[in-house]
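Here is a short report on one chain.

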Amino acid sequence: MYQEGITEAYRVLVQHFAEVGEMTISAVHIGECSGCMIDPIAFETIIIPSAERFATHLGPLRFHSCGGSTHLL
């Protein structure tokens with residue numbers, strides 16, 4: 001599935017630019033604005049796996065949503 005490739009490319013870029021900038025990654029901010037437009041099952045099966053890969057390789061996560069997404073809690 002293309003999603004894994006996109007997630008991996010993004011992760012590699014984040015690590016690369018952190019190293020080039022001599023910065024430590026202390027957290028990852030995910031602007032997940034689609035969260036207010038999808039149901040909890042889609043969020044769990046589409047968004048969470050990528051987010052877990054980021055957390056595993058980069059550090060703690062922080063989510064942002066532009067709309068009402070309390071249904072995901």
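## Overall make-up

Of the chain's 73 residues, 22% count as buried (under 20% relative accessible area; exposed is over 50%, partly exposed in between; 1.4 Å probe, protein chains only). This is a predicted model, in which local features need pLDDT of at least 70, side-chain atom pairs count only at pLDDT 80 or more, and totals for chains, interfaces and linings use all residues. Residues are numbered from 1 along each chain as its sequence is written, and side-chain values use heavy atoms, with hydrogens and water left out.

The secondary structure comes to two helices and two strands. Both kinds of element are DSSP runs numbered from the N terminus: helices are H or I with at least four residues, strands are E with at least two. Along the sequence the pattern reads α-β-α-β. The C-alpha trace spans about 40 × 25 × 15 Å along its principal axes.

Contacts here mean heavy atoms within 4.5 Å. Among contacts in the chain with a separation of 6 or more, 78% join residues 24 or more positions apart. The chain exposes about 5,200 Å², and carbon and sulfur atoms supply 62% of that area. Areas come from the Shrake-Rupley method with a 1.4 Å probe; for residues, only the protein chains shown count as cover.

## Helix H2

Helix H2 covers residues 40-57, 18 residues in total.

H2 has a kink of about 40 degrees at Ile-47, shortly before the proline Pro-49. The bend is the angle between axes fitted to the seven residues ending at a residue and the seven starting there. Ile-47 is also buried, as are Ala-42, Phe-43, Ser-50, Ala-51 and Phe-54.

At the start of H2, a side-chain oxygen of Asp-39 comes within 3.1 Å of the backbone nitrogen of Ile-41. Just after H2, Gly-59 has a positive phi of about 135 degrees.

## Aromatic pairs

How many aromatic pairs does the structure hold? There are two. Rings of Phe, Tyr and Trp (its six-membered ring) pair if their centres lie within 6.5 Å; planes under 30 degrees apart count as stacked, over 60 as edge-to-face and the rest as tilted.

| Pair | Centre to centre | Angle between planes | Class |
|---|---|---|---|
| Tyr-10 and Phe-54 | 5.3 Å | 70 degrees | edge-to-face |
| Phe-43 and Phe-63 | 6.0 Å | 55 degrees | tilted |

Tyr-10 lies in helix H1 and Phe-54 in helix H2, 44 residues apart. Tyr-10 is partly exposed at 44% relative accessible area, whereas Phe-54 is buried at 9%.

Phe-43 lies in helix H2 and Phe-63 in strand E2 (residues 61-64), so their pair ties together parts 20 residues apart in sequence. Phe-43 is buried at 12% relative accessibility. Phe-63 is partly exposed at 38%.

## Two loop residues

Gly-35 sits in the loop between E1 and H2. Is Gly-35 buried or exposed? Gly-35 is buried, with a relative accessible area of 1%. Not counting residues up to four places away in sequence, Gly-35 touches Phe-43, Ser-69, His-71 and Leu-72.

Glu-22 belongs to the loop between helix H1 (2-20) and strand E1 (28-31). Glu-22 counts as exposed, at 75% relative accessibility. Its phi is near 50 degrees, a positive value in a residue other than glycine.

Notes. The expected span of a helix is 1.5 Å times one less than its number of residues. A polar contact is a pair of N or O atoms within 3.5 Å; within protein, one must be able to donate a hydrogen and the other to accept it, and residues adjacent in sequence count only if both atoms are side-chain atoms.
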